[in-house]
Amino acid sequence: MFKRLKPTNENPVEFDFEGRTLTAQAGDTVAAALLGADVTAFRSTPVNDRPRGPFCMMGVCFDCLMVIDGMPNTQACQVTVTPGMKVARQKGAAVIGPDNSPDNNPGDGAAS
Ligand code: FES
């Protein structure tokens with residue numbers, strides 16, 4: 001669906017997306033890297049479990065919320081991919097606060 005304007009193999013960065021190893025280019029945001037890998041559903045809505053994906057790519061719409069390195073409600077379009085980063089879709093609403101355990105955030109990529 002999405003294609004890089006200038007594809008290059010320089011500075012590849014490997015990261016984990018729900019158990020799959022994907023490769024991004026250094027400097028890619030998580031959203032750009034996933035769209036480049038044909039991943040378009042980043043989260044599901046809390047009420048109807050409908051898929052949502054990035055829309056604005058500039059931190060405004062919040063449709064790119066994901067669980068990144070165990071942290072829910074992270075805007076994938078605002079975070080740069082780092083080697084070994086763990087990324088997972090966010091399912092519904094995440095719990096925010098001290099009880100931010102995997103049991104309360106099923107989309108965090110932990111064992112399910
Ligand atoms: S794509 Fe809109 S906030 Fe990330």
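Reply: Residues are numbered from 1 along each chain as its sequence is written. pLDDT is the predictor's confidence in each residue, on a scale from 0 to 100. The protein averages 88, and 86% of the residues score at least 70. Over residues 108-112 the pLDDT is below 50, although this stretch has 11 contacts in the model beyond near neighbours in sequence. Where pLDDT is low, the predicted coordinates should not be read in detail. A contact here means two residues whose C-beta atoms, placed from the backbone, lie within 7 Å.

Next, the setting. The protein has one helix and seven strands. Both kinds of element are DSSP runs numbered from the N terminus: helices are H or I over at least four residues, strands are E over at least two. Along the sequence the pattern reads β-β-α-β-β-β-β-β. Of the 112 residues, 29% count as buried. Buried means 20 or more other C-beta atoms within 10 Å of the residue's own; exposed means 12 or fewer; partly exposed lies in between; and the C-beta atoms are placed from the backbone. Among contacts with a separation of 6 or more, 40% join residues 24 or more positions apart.

Now β5 itself. Leu65 and Val67 point one way, whereas Met66 and Ile68 point the other way. In a regular strand the side chains alternate between the two faces of the sheet. Here the residues on both sides of β5 are buried. Take Val67, which lies in this strand. Val67 counts as buried because it has 26 C-beta neighbours inside 10 Å.

Two strands pair with β5. Pairing means that DSSP finds at least two bridges between the strands. The partner β6, residues 71-75, runs antiparallel to β5 over three bridges. In that pair, Leu65 stands opposite Gln75. β7 is also antiparallel to β5, again with three bridges. There, Ile68 has Val87 as its bridge partner.

The turn out of β5 deserves a look. β5 and β6 form a hairpin with two residues between the strands. Asp69 lies in that loop. Its phi is positive, about 50 degrees, although Asp69 is not a glycine. Most residues other than glycine have a negative phi, and most peptide bonds are trans. Asp69 has 16 C-beta neighbours inside 10 Å, so it counts as partly exposed.

Six bridges join β1 to β2 (residues 20-25), and the two run antiparallel. Phe17 is bridged to Arg20 in β2. In the segment before β1 sits Asn11. Asn11 also has a positive phi, near 50 degrees. Asn11 counts as exposed because it has 10 C-beta neighbours inside 10 Å.

Last, the core. A nonpolar core is a set of buried Ala, Val, Leu, Ile, Met, Phe, Trp, Tyr and Cys residues joined through C-beta atoms within 7 Å. In soluble globular proteins, nonpolar side chains tend to be buried together. The largest core has 21 residues, and those touching the most other members are Val30, Ala31, Leu34, Cys64, Met66, Ala76 and Val87. α1 gives the most, with six residues. Cys64 touches Ala31, Phe42, Gly53, Pro54, Gln75, Ala76 and Cys77, leaving out residues up to four places away in sequence.

Helix α1 also holds Gly36. Gly36 is partly exposed because 18 other C-beta atoms lie within 10 Å. Beyond four places in sequence, Gly36 is in contact with Phe2 and Arg4. Gly36 and Met1 are 35 residues apart in sequence, yet their C-alpha atoms are 7.8 Å apart.

Notes:
This is a predicted model: local features need pLDDT of at least 70, side-chain atom pairs count only at pLDDT 80 or more; totals for chains, interfaces and linings use all residues.
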